[in-house]
Amino acid sequence: MDWIRFHKTDESGGHYFQVYSVPQAWNAATPKVPGTGRISEAAARAFASASPAGHQWRTPCHCTDCAIAAKSLEKKAS
């Protein structure tokens, strides 16, 4: 399985990755978005939703902005 992730921003401005798992053969055969070498998010979502082998989930982002925001929340909570 290949994991394909897309960087997103939620309603509150927090970052996360939307991750989709798709079979390697399907990923290799799917047309790529020009200039990226990756399949589109719509294609990944379609497979993950339609196939019992596909999955999707969110993972937190650990970019500098997100790390600073998390530290600020920790300081406010203590």
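Visitor: What makes the largest nonpolar core a core, and which residues does it hold?

Guide: A nonpolar core is a set of buried Ala, Val, Leu, Ile, Met, Phe, Trp, Tyr and Cys residues joined through side-chain atoms within 4.5 Å. The largest one has eight residues: Ile4, Phe6, Tyr20, Val22, Ile39, Ala44, Phe47 and Ala48. Helices (H or I, at least four residues) and strands (E, at least two) are DSSP runs, numbered from the N terminus.

This is a predicted model, where local features need pLDDT of at least 70, side-chain atom pairs count only at pLDDT 80 or more, and totals for chains, interfaces and linings use all residues. Residues are numbered from 1 along each chain as its sequence is written, and side-chain values use heavy atoms, with hydrogens and water left out.

Visitor: Why is Asn27 called buried?

Guide: Its relative accessibility is 14%, and buried means under 20% relative accessible area (exposed is over 50%, partly exposed in between; 1.4 Å probe, protein chains only). Asn27 therefore counts as buried. Asn27 lies in helix H1 (residues 24–29) and, leaving aside neighbours within four places in sequence, has contacts (heavy atoms within 4.5 Å) with Asp2, Ile4, Val22, Lys32 and Ile39.
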